[in-house]
Amino acid sequence: MAVMEEQRTPRSPGWGGGPPWWRHGPPGWTGPQGWTGGEPGDSEGRAGRLPWRSTLLLTVLVLVGSQAAAHAQGGDRAALDPFARALLLVGCGLLLWRQRRPVLVAFGTAAVTLVYLGAGYPYGPVFVTAAVGCFGAVVAGHRRAAWAAIGVLWLGHLLMAHWLYHWLPPTGDREVSWTREIGVATWGVAIVAVSELVRVRREQWARDRAERAQAAARRADEERLRIARELHDVLAHSISVINVQAGVGLALLDSDPEQARSALTTIKEASKEALGEVRQVLATLRAPGDAPRAPAPGLDRLPELVEQAAAAGLTVEVRGTPPKLPPGIDLAAFRIVQEALTNVVRHSGSRHARVRIEPSGDALGLRIDDDGPGTGADAGGSGHGLAGMRERAAALGGTIEAGARDDGGFRVLAVLPLQVKEDR
(Lines give C-alpha, C1' and ligand atoms only; values in the text may rest on other atoms or scores of the structure.)
Protein backbone atom coordinates (compact mmCIF):
# COMPACT_ATOMS: atom_id res chain seq x y z
CA MET A 1 0.00 0.00 0.00
CA ALA A 2 2.90 2.36 0.64
CA VAL A 3 4.06 1.86 -2.94
CA MET A 4 0.56 2.53 -4.19
CA GLU A 5 0.31 5.77 -2.23
CA GLU A 6 3.68 6.87 -3.58
CA GLN A 7 2.51 6.24 -7.13
CA ARG A 8 -0.80 7.97 -6.66
CA THR A 9 0.59 11.14 -5.07
CA PRO A 10 1.14 13.94 -7.63
CA ARG A 11 4.67 15.29 -7.40
CA SER A 12 4.98 17.46 -10.48
CA PRO A 13 5.55 21.18 -10.00
CA GLY A 14 2.33 22.01 -11.81
CA TRP A 15 0.01 20.05 -9.57
CA GLY A 16 -2.50 22.24 -7.79
CA GLY A 17 -1.57 25.28 -9.90
CA GLY A 18 1.82 26.02 -8.36
CA PRO A 19 5.22 24.66 -7.38
CA PRO A 20 5.35 21.87 -4.78
CA TRP A 21 6.03 24.13 -1.80
CA TRP A 22 3.01 26.29 -2.60
CA ARG A 23 0.70 23.42 -1.66
CA HIS A 24 1.79 23.96 1.94
CA GLY A 25 1.95 27.77 2.04
CA PRO A 26 4.90 30.06 1.38
CA PRO A 27 8.45 28.72 1.18
CA GLY A 28 9.49 27.19 4.49
CA TRP A 29 6.22 27.95 6.28
CA THR A 30 5.55 25.29 8.92
CA GLY A 31 2.76 26.74 11.00
CA PRO A 32 1.78 29.64 13.21
CA GLN A 33 5.02 29.47 15.21
CA GLY A 34 7.17 30.73 12.36
CA TRP A 35 8.91 29.65 9.22
CA THR A 36 11.84 27.30 9.03
CA GLY A 37 12.47 26.73 5.33
CA GLY A 38 12.48 23.58 3.28
CA GLU A 39 9.94 20.85 2.85
CA PRO A 40 7.47 19.93 5.61
CA GLY A 41 9.47 16.85 6.47
CA ASP A 42 12.48 19.04 7.29
CA SER A 43 10.65 21.25 9.80
CA GLU A 44 11.72 19.33 12.92
CA GLY A 45 15.39 19.48 12.01
CA ARG A 46 15.34 23.15 11.10
CA ALA A 47 12.97 24.54 13.73
CA GLY A 48 15.80 24.91 16.25
CA ARG A 49 18.15 26.78 13.93
CA LEU A 50 18.71 30.49 14.45
CA PRO A 51 18.03 32.77 11.44
CA TRP A 52 21.64 33.88 11.03
CA ARG A 53 21.53 34.90 7.40
CA SER A 54 18.47 37.14 7.54
CA THR A 55 19.64 38.69 10.83
CA LEU A 56 23.09 39.41 9.39
CA LEU A 57 21.53 41.07 6.36
CA LEU A 58 19.28 43.20 8.60
CA THR A 59 22.28 44.19 10.74
CA VAL A 60 24.21 45.43 7.70
CA LEU A 61 21.20 47.38 6.45
CA VAL A 62 20.57 48.99 9.85
CA LEU A 63 24.22 49.98 10.39
CA VAL A 64 24.69 51.39 6.89
CA GLY A 65 21.30 53.11 6.90
CA SER A 66 21.89 54.65 10.34
CA GLN A 67 25.24 56.03 9.18
CA ALA A 68 23.53 57.65 6.19
CA ALA A 69 20.78 59.03 8.47
CA ALA A 70 23.42 60.49 10.80
CA HIS A 71 24.93 62.47 7.91
CA ALA A 72 21.50 63.72 6.86
CA GLN A 73 20.50 64.78 10.43
CA GLY A 74 23.91 66.02 11.55
CA GLY A 75 22.68 69.39 12.74
CA ASP A 76 19.67 68.14 14.64
CA ARG A 77 20.64 64.83 16.25
CA ALA A 78 23.72 63.46 18.03
CA ALA A 79 26.43 61.82 15.96
CA LEU A 80 26.83 58.05 16.04
CA ASP A 81 29.36 56.92 18.58
CA PRO A 82 30.40 53.45 19.84
CA PHE A 83 27.47 53.38 22.28
CA ALA A 84 24.99 54.06 19.43
CA ARG A 85 26.49 51.29 17.30
CA ALA A 86 26.42 48.94 20.29
CA LEU A 87 22.69 49.65 20.71
CA LEU A 88 22.09 48.94 17.03
CA LEU A 89 24.00 45.67 17.29
CA VAL A 90 22.08 44.64 20.41
CA GLY A 91 18.74 45.38 18.72
CA CYS A 92 19.72 43.37 15.65
CA GLY A 93 21.19 40.57 17.75
CA LEU A 94 17.90 40.11 19.59
CA LEU A 95 16.30 39.22 16.26
CA LEU A 96 18.20 35.93 16.27
CA TRP A 97 15.66 34.67 18.87
CA ARG A 98 12.54 36.06 17.18
CA GLN A 99 11.28 32.53 16.43
CA ARG A 100 12.07 31.01 19.84
CA ARG A 101 11.20 33.97 22.12
CA PRO A 102 8.96 36.28 20.05
CA VAL A 103 7.48 38.18 23.02
CA LEU A 104 10.88 38.84 24.62
CA VAL A 105 12.29 40.00 21.28
CA ALA A 106 9.31 42.33 20.64
CA PHE A 107 9.71 44.13 23.97
CA GLY A 108 13.52 43.98 23.84
CA THR A 109 13.79 45.64 20.42
CA ALA A 110 11.23 48.27 21.46
CA ALA A 111 13.27 49.03 24.61
CA VAL A 112 16.55 49.26 22.67
CA THR A 113 14.89 51.61 20.16
CA LEU A 114 13.64 53.86 22.99
CA VAL A 115 17.11 54.03 24.58
CA TYR A 116 18.63 54.85 21.18
CA LEU A 117 16.13 57.66 20.54
CA GLY A 118 16.38 58.90 24.13
CA ALA A 119 20.14 59.26 23.70
CA GLY A 120 19.48 61.69 20.85
CA TYR A 121 20.77 59.55 18.01
CA PRO A 122 19.28 60.08 14.54
CA TYR A 123 15.98 58.65 13.37
CA GLY A 124 16.28 55.98 10.73
CA PRO A 125 16.58 52.20 10.30
CA VAL A 126 16.63 51.66 14.06
CA PHE A 127 12.86 51.29 13.77
CA VAL A 128 13.37 48.27 11.51
CA THR A 129 14.54 46.12 14.43
CA ALA A 130 11.39 46.92 16.44
CA ALA A 131 9.24 46.36 13.34
CA VAL A 132 10.72 42.91 12.67
CA GLY A 133 10.50 41.94 16.34
CA CYS A 134 6.82 42.89 16.61
CA PHE A 135 6.08 41.33 13.23
CA GLY A 136 7.50 38.00 14.45
CA ALA A 137 5.40 38.16 17.62
CA VAL A 138 2.18 38.78 15.67
CA VAL A 139 2.67 35.98 13.17
CA ALA A 140 3.66 33.66 16.02
CA GLY A 141 0.27 34.26 17.61
CA HIS A 142 1.31 36.70 20.38
CA ARG A 143 -0.80 39.55 19.08
CA ARG A 144 -1.44 41.38 22.35
CA ALA A 145 2.21 41.31 23.30
CA ALA A 146 3.18 42.76 19.92
CA TRP A 147 0.55 45.49 20.16
CA ALA A 148 1.72 46.28 23.68
CA ALA A 149 5.34 46.57 22.50
CA ILE A 150 4.32 48.93 19.68
CA GLY A 151 2.22 50.96 22.13
CA VAL A 152 5.10 51.22 24.63
CA LEU A 153 7.43 52.37 21.86
CA TRP A 154 4.99 55.03 20.63
CA LEU A 155 4.12 56.31 24.12
CA GLY A 156 7.80 56.43 25.06
CA HIS A 157 8.63 58.42 21.94
CA LEU A 158 5.68 60.73 22.64
CA LEU A 159 7.00 61.49 26.14
CA MET A 160 10.57 62.07 24.95
CA ALA A 161 9.53 64.19 21.97
CA HIS A 162 7.12 66.53 23.86
CA TRP A 163 8.19 66.53 27.51
CA LEU A 164 11.53 64.90 28.35
CA TYR A 165 13.44 66.45 25.44
CA HIS A 166 14.55 69.32 27.75
CA TRP A 167 16.65 66.89 29.84
CA LEU A 168 17.72 64.49 27.12
CA PRO A 169 20.56 64.86 24.58
CA PRO A 170 21.40 66.47 22.26
CA THR A 171 21.78 69.86 23.89
CA GLY A 172 19.40 72.45 22.50
CA ASP A 173 17.02 69.86 21.16
CA ARG A 174 13.59 71.11 20.16
CA GLU A 175 10.12 69.60 20.50
CA VAL A 176 9.30 67.18 17.70
CA SER A 177 6.61 68.42 15.36
CA TRP A 178 3.26 66.72 15.45
CA THR A 179 3.62 65.94 11.77
CA ARG A 180 6.56 63.68 12.57
CA GLU A 181 4.63 62.24 15.51
CA ILE A 182 1.77 61.34 13.20
CA GLY A 183 4.31 59.71 10.91
CA VAL A 184 5.64 57.59 13.78
CA ALA A 185 2.09 56.56 14.75
CA THR A 186 1.30 55.69 11.13
CA TRP A 187 4.44 53.59 10.99
CA GLY A 188 3.30 51.63 14.06
CA VAL A 189 -0.20 51.08 12.65
CA ALA A 190 1.31 49.90 9.37
CA ILE A 191 3.47 47.34 11.19
CA VAL A 192 0.46 45.96 13.04
CA ALA A 193 -1.70 45.88 9.89
CA VAL A 194 0.90 44.09 7.77
CA SER A 195 1.65 41.63 10.58
CA GLU A 196 -2.02 40.81 11.04
CA LEU A 197 -2.47 40.33 7.30
CA VAL A 198 0.47 37.92 7.14
CA ARG A 199 -0.77 36.07 10.23
CA VAL A 200 -4.25 35.60 8.75
CA ARG A 201 -2.82 34.44 5.44
CA ARG A 202 -0.53 31.91 7.10
CA GLU A 203 -3.29 30.56 9.28
CA GLN A 204 -5.37 30.13 6.13
CA TRP A 205 -2.47 28.30 4.47
CA ALA A 206 -2.17 26.04 7.51
CA ARG A 207 -5.92 25.29 7.45
CA ASP A 208 -5.83 24.58 3.72
CA ARG A 209 -2.89 22.24 4.18
CA ALA A 210 -4.67 20.38 6.98
CA GLU A 211 -7.84 20.09 4.88
CA ARG A 212 -5.85 18.76 1.93
CA ALA A 213 -4.14 16.22 4.19
CA GLN A 214 -7.53 15.09 5.56
CA ALA A 215 -8.97 14.84 2.05
CA ALA A 216 -5.96 12.79 0.90
CA ALA A 217 -6.31 10.48 3.90
CA ARG A 218 -10.04 10.12 3.23
CA ARG A 219 -9.41 9.27 -0.43
CA ALA A 220 -6.77 6.72 0.62
CA ASP A 221 -9.23 5.10 3.04
CA GLU A 222 -11.93 4.98 0.37
CA GLU A 223 -9.45 3.46 -2.08
CA ARG A 224 -8.40 0.81 0.45
CA LEU A 225 -12.05 -0.08 1.08
CA ARG A 226 -12.73 -0.28 -2.65
CA ILE A 227 -9.74 -2.57 -3.20
CA ALA A 228 -10.66 -4.79 -0.24
CA ARG A 229 -14.26 -5.01 -1.47
CA GLU A 230 -13.20 -5.82 -5.03
CA LEU A 231 -10.72 -8.50 -3.97
CA HIS A 232 -13.28 -10.03 -1.61
CA ASP A 233 -15.92 -10.21 -4.34
CA VAL A 234 -13.44 -11.57 -6.89
CA LEU A 235 -12.04 -14.28 -4.64
CA ALA A 236 -14.95 -15.34 -2.44
CA HIS A 237 -17.10 -16.76 -5.23
CA SER A 238 -14.30 -18.59 -7.05
CA ILE A 239 -12.82 -20.02 -3.86
CA SER A 240 -16.26 -21.22 -2.76
CA VAL A 241 -16.66 -23.06 -6.07
CA ILE A 242 -13.14 -24.48 -5.74
CA ASN A 243 -13.84 -25.62 -2.18
CA VAL A 244 -17.06 -27.41 -3.13
CA GLN A 245 -15.53 -29.07 -6.19
CA ALA A 246 -12.45 -30.10 -4.24
CA GLY A 247 -14.72 -31.88 -1.75
CA VAL A 248 -16.58 -33.59 -4.60
CA GLY A 249 -13.33 -34.66 -6.23
CA LEU A 250 -11.93 -36.11 -3.01
CA ALA A 251 -15.16 -38.00 -2.33
CA LEU A 252 -15.36 -39.50 -5.85
CA LEU A 253 -11.66 -39.94 -6.57
CA ASP A 254 -11.82 -43.73 -6.09
CA SER A 255 -15.45 -44.55 -6.82
CA ASP A 256 -16.05 -42.29 -9.87
CA PRO A 257 -12.79 -41.03 -11.40
CA GLU A 258 -14.60 -39.40 -14.34
CA GLN A 259 -16.73 -37.27 -12.06
CA ALA A 260 -13.62 -36.40 -10.03
CA ARG A 261 -11.91 -35.35 -13.27
CA SER A 262 -14.86 -33.07 -14.04
CA ALA A 263 -14.58 -31.49 -10.57
CA LEU A 264 -10.87 -30.87 -11.10
CA THR A 265 -11.62 -29.25 -14.46
CA THR A 266 -14.09 -26.93 -12.78
CA ILE A 267 -11.47 -26.08 -10.15
CA LYS A 268 -8.97 -25.22 -12.88
CA GLU A 269 -11.42 -22.95 -14.73
CA ALA A 270 -12.56 -21.18 -11.56
CA SER A 271 -9.01 -20.59 -10.37
CA LYS A 272 -7.98 -19.32 -13.81
CA GLU A 273 -10.83 -16.83 -13.85
CA ALA A 274 -10.06 -15.69 -10.29
CA LEU A 275 -6.39 -15.19 -11.15
CA GLY A 276 -7.34 -13.16 -14.21
CA GLU A 277 -9.59 -10.82 -12.23
CA VAL A 278 -7.01 -10.43 -9.45
CA ARG A 279 -4.36 -9.55 -12.04
CA GLN A 280 -6.72 -6.95 -13.48
CA VAL A 281 -7.19 -5.34 -10.05
CA LEU A 282 -3.45 -5.38 -9.35
CA ALA A 283 -2.67 -3.95 -12.80
CA THR A 284 -5.01 -1.06 -12.10
CA LEU A 285 -3.17 -0.38 -8.83
CA ARG A 286 0.25 -0.42 -10.48
CA ALA A 287 -0.80 1.95 -13.28
CA PRO A 288 -3.73 4.04 -11.97
CA GLY A 289 -3.72 6.29 -15.01
CA ASP A 290 -4.12 3.47 -17.54
CA ALA A 291 -7.39 1.96 -18.62
CA PRO A 292 -7.99 -1.65 -17.56
CA ARG A 293 -7.03 -4.23 -20.16
CA ALA A 294 -10.35 -6.08 -19.85
CA PRO A 295 -13.83 -4.58 -19.38
CA ALA A 296 -15.32 -4.73 -15.91
CA PRO A 297 -17.83 -7.54 -15.46
CA GLY A 298 -21.53 -6.75 -15.64
CA LEU A 299 -24.92 -8.46 -15.72
CA ASP A 300 -24.18 -9.62 -19.26
CA ARG A 301 -21.92 -12.21 -17.62
CA LEU A 302 -24.77 -13.56 -15.51
CA PRO A 303 -24.92 -16.81 -17.56
CA GLU A 304 -21.27 -17.48 -16.66
CA LEU A 305 -22.13 -16.91 -13.02
CA VAL A 306 -25.01 -19.38 -13.28
CA GLU A 307 -22.68 -21.99 -14.80
CA GLN A 308 -20.14 -21.52 -12.03
CA ALA A 309 -22.88 -21.87 -9.41
CA ALA A 310 -24.10 -25.03 -11.15
CA ALA A 311 -20.58 -26.43 -10.97
CA ALA A 312 -20.74 -25.86 -7.21
CA GLY A 313 -24.02 -27.78 -7.03
CA LEU A 314 -26.37 -24.78 -6.98
CA THR A 315 -29.20 -24.47 -9.47
CA VAL A 316 -29.94 -20.82 -10.28
CA GLU A 317 -33.15 -19.62 -11.93
CA VAL A 318 -32.91 -16.17 -13.52
CA ARG A 319 -35.99 -14.07 -14.30
CA GLY A 320 -35.99 -10.72 -16.05
CA THR A 321 -33.69 -9.08 -18.56
CA PRO A 322 -31.16 -6.54 -17.39
CA PRO A 323 -31.34 -3.12 -19.10
CA LYS A 324 -28.31 -1.30 -20.46
CA LEU A 325 -26.55 0.11 -17.41
CA PRO A 326 -23.67 2.52 -16.78
CA PRO A 327 -20.40 0.62 -16.10
CA GLY A 328 -20.28 1.44 -12.38
CA ILE A 329 -23.87 0.32 -11.73
CA ASP A 330 -23.46 -2.72 -13.97
CA LEU A 331 -20.39 -3.83 -12.00
CA ALA A 332 -22.10 -3.26 -8.64
CA ALA A 333 -25.17 -5.25 -9.74
CA PHE A 334 -22.98 -8.15 -10.91
CA ARG A 335 -20.95 -8.19 -7.69
CA ILE A 336 -24.09 -8.11 -5.54
CA VAL A 337 -25.59 -11.09 -7.35
CA GLN A 338 -22.23 -12.88 -7.23
CA GLU A 339 -21.83 -12.33 -3.50
CA ALA A 340 -25.43 -13.38 -2.78
CA LEU A 341 -24.97 -16.65 -4.70
CA THR A 342 -21.62 -17.22 -2.99
CA ASN A 343 -23.34 -16.89 0.40
CA VAL A 344 -25.95 -19.46 -0.69
CA VAL A 345 -23.19 -21.92 -1.64
CA ARG A 346 -21.22 -21.34 1.56
CA HIS A 347 -23.86 -20.83 4.24
CA SER A 348 -27.19 -22.23 3.05
CA GLY A 349 -28.42 -25.79 2.90
CA SER A 350 -30.44 -24.97 -0.21
CA ARG A 351 -29.34 -26.20 -3.63
CA HIS A 352 -31.71 -23.87 -5.48
CA ALA A 353 -31.67 -20.09 -5.80
CA ARG A 354 -33.72 -17.55 -7.74
CA VAL A 355 -32.43 -14.28 -9.19
CA ARG A 356 -35.02 -11.72 -10.27
CA ILE A 357 -34.12 -8.57 -12.20
CA GLU A 358 -36.79 -5.86 -11.97
CA PRO A 359 -36.14 -2.55 -13.77
CA SER A 360 -38.64 0.03 -12.54
CA GLY A 361 -38.64 3.71 -13.45
CA ASP A 362 -35.26 5.16 -12.56
CA ALA A 363 -34.17 2.21 -10.39
CA LEU A 364 -33.07 -1.38 -10.85
CA GLY A 365 -34.29 -4.00 -8.40
CA LEU A 366 -32.34 -7.20 -7.74
CA ARG A 367 -33.85 -9.98 -5.63
CA ILE A 368 -31.95 -13.13 -4.77
CA ASP A 369 -33.84 -15.86 -2.84
CA ASP A 370 -32.91 -19.31 -1.60
CA ASP A 371 -34.90 -21.92 0.30
CA GLY A 372 -32.25 -22.90 2.80
CA PRO A 373 -32.69 -22.73 6.58
CA GLY A 374 -32.97 -19.16 7.91
CA THR A 375 -29.89 -17.78 9.63
CA GLY A 376 -31.54 -14.90 11.44
CA ALA A 377 -28.93 -12.51 10.01
CA ASP A 378 -29.98 -9.22 8.53
CA ALA A 379 -28.39 -6.37 6.68
CA GLY A 380 -26.68 -5.28 9.81
CA GLY A 381 -24.67 -8.47 10.09
CA SER A 382 -20.92 -8.39 10.54
CA GLY A 383 -20.02 -10.46 7.45
CA HIS A 384 -17.65 -8.82 4.99
CA GLY A 385 -19.84 -9.90 2.07
CA LEU A 386 -22.99 -8.13 3.27
CA ALA A 387 -20.92 -5.12 4.34
CA GLY A 388 -19.37 -4.95 0.88
CA MET A 389 -22.79 -5.12 -0.79
CA ARG A 390 -24.09 -2.32 1.41
CA GLU A 391 -21.03 -0.17 0.63
CA ARG A 392 -21.40 -0.72 -3.11
CA ALA A 393 -25.08 0.19 -3.06
CA ALA A 394 -24.60 3.20 -0.77
CA ALA A 395 -21.79 4.56 -2.97
CA LEU A 396 -24.25 4.72 -5.87
CA GLY A 397 -27.18 6.03 -3.85
CA GLY A 398 -28.91 2.64 -3.59
CA THR A 399 -29.99 0.36 -0.75
CA ILE A 400 -29.53 -3.25 0.36
CA GLU A 401 -31.89 -5.30 2.52
CA ALA A 402 -30.92 -8.82 3.56
CA GLY A 403 -32.49 -11.24 6.00
CA ALA A 404 -34.47 -14.41 6.59
CA ARG A 405 -37.89 -14.69 4.94
CA ASP A 406 -41.00 -15.44 6.97
CA ASP A 407 -41.68 -18.60 4.93
CA GLY A 408 -38.11 -19.84 5.32
CA GLY A 409 -34.98 -19.23 3.32
CA PHE A 410 -33.01 -16.04 2.88
CA ARG A 411 -33.48 -12.98 0.68
CA VAL A 412 -31.20 -10.22 -0.56
CA LEU A 413 -33.01 -7.23 -2.04
CA ALA A 414 -31.00 -4.52 -3.76
CA VAL A 415 -32.27 -1.28 -5.28
CA LEU A 416 -29.78 0.60 -7.47
CA PRO A 417 -30.32 3.87 -9.39
CA LEU A 418 -30.17 3.63 -13.19
CA GLN A 419 -28.10 6.83 -13.37
CA VAL A 420 -24.88 7.52 -11.49
CA LYS A 421 -25.27 10.50 -9.18
CA GLU A 422 -22.74 13.27 -9.73
CA ASP A 423 -20.10 13.30 -6.99
CA ARG A 424 -20.04 16.75 -5.44
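Analyst: Two strands count as paired if DSSP finds at least two bridges between them. In this predicted model, five strands form an open sheet of mixed pairing, in the order S1-S2-S3-S5-S4.

User: What makes S1 and S4 the edge strands?

Analyst: Strand S1 (315–319) and strand S4 each pair on one side only. The twist of the sheet averages 10 degrees from one strand to the next.

User: How do you know that S4 and S5 are paired, and in which sense, parallel or antiparallel?

Analyst: The requirement is at least two bridges. S4 and S5 have six bridges and pair in the antiparallel sense, so they meet the definition of a pair. One of the residues involved is Ala404, whose bridge partner in S5 is Phe410. S4 and S5 also form a hairpin, with five residues between them. In its turn, Gly408 has a positive phi of about 100 degrees.

User: How many bridges join S3 to S5?

Analyst: Eight bridges join S3 to S5, and these strands run antiparallel. The threshold for pairing is at least two bridges, so S3 and S5 also count as paired. Within S5, Val412 is the bridge partner of Ile368.

User: Why is Thr59 called buried?

Analyst: A residue is buried if its relative accessible area is under 20%. Thr59 has 13%, and is therefore buried. Thr59 lies in helix H3 and touches Leu89 and Cys92, not counting residues up to four places away in sequence.

User: Why is Val200 described as partly exposed?

Analyst: Partly exposed covers what lies between buried, under 20%, and exposed, over 50%. The relative accessible area of Val200 is 41%, so the residue falls in that intermediate class. Val200 is found in helix H8 (residues 178–252).

User: How do you know that the buried residues of H4 are on the same side of the helix?

Analyst: The buried residues of H4 are Ala84, Leu87, Leu88, Gly91 and Cys92. They cover an arc of only 130 degrees around the axis, and therefore lie on the same side of H4. These residues pack against helix H3 (52–72), helix H5 (102–118) and helix H6 (126–139).

User: What are the buried residues of H10, and why are they said to line one face?

Analyst: They are Leu302, Leu305, Gln308 and Ala309. Seen down the axis of H10, they fall within an arc of 115 degrees, so they line one face of the helix. H10 is followed by Gly313, which has a positive phi, near 90 degrees.

User: Why is H11 said to be largely enclosed, and how does its span compare with what its residues should give?

Analyst: Of the 21 residues of H11, 16 are buried, so the helix is largely enclosed by the rest of the structure. At 1.5 Å a residue, H11 should span 30 Å, and its end C-alpha atoms are 30 Å apart, which agrees.

User: What makes a group of residues a nonpolar core, and which residues have the most contacts inside the largest one?

Analyst: A nonpolar core consists of buried nonpolar residues joined through side-chain atoms within 4.5 Å. The largest one here has 37 residues, and those with the most contacts inside it are Leu314, Val337, Leu341, Leu364, Leu366, Ile368 and Leu416. Elements that each supply at least two residues of this core include helix H10 (302–311), helix H12 (384–395), strand S2 (352–360) and strand S3 (363–370). H11 gives the most, with 10 residues. Apart from this core lies another, of 31 residues, among them Cys92, Val126, Ala137 and Ala161.

User: Which residues is Leu314 in contact with, leaving aside its neighbours within four places in sequence?

Analyst: Leu314 is in contact with Ala309, Leu341, Val344, Val345, Ser350, Arg351, His352 and Ala353.

User: Which values describe the protein chain as a whole?

Analyst: Buried residues make up 40% of its 424 residues. Of the contacts with a separation of 6 or more, 71% are between residues 24 or more positions apart. The protein chain has 12 helices and five strands.

Technical notes: Residues are numbered from 1 along each chain as its sequence is written. This is a predicted model: local features need pLDDT of at least 70, side-chain atom pairs count only at pLDDT 80 or more; totals for chains, interfaces and linings use all residues. Side-chain values use heavy atoms; hydrogens and water are left out. Helices (H or I, at least four residues) and strands (E, at least two) are DSSP runs, numbered from the N terminus. Buried means under 20% relative accessible area, exposed over 50%, partly exposed in between (1.4 Å probe, protein chains only). The arc is that of the directions from the helix axis to the C-beta atoms. Contact means heavy atoms within 4.5 Å. Axes are lines fitted to C-alpha atoms, for helices over the stretch in contact, and angles run from 0 to 180 degrees between N-to-C directions. The expected span of a helix is 1.5 Å times one less than its number of residues.
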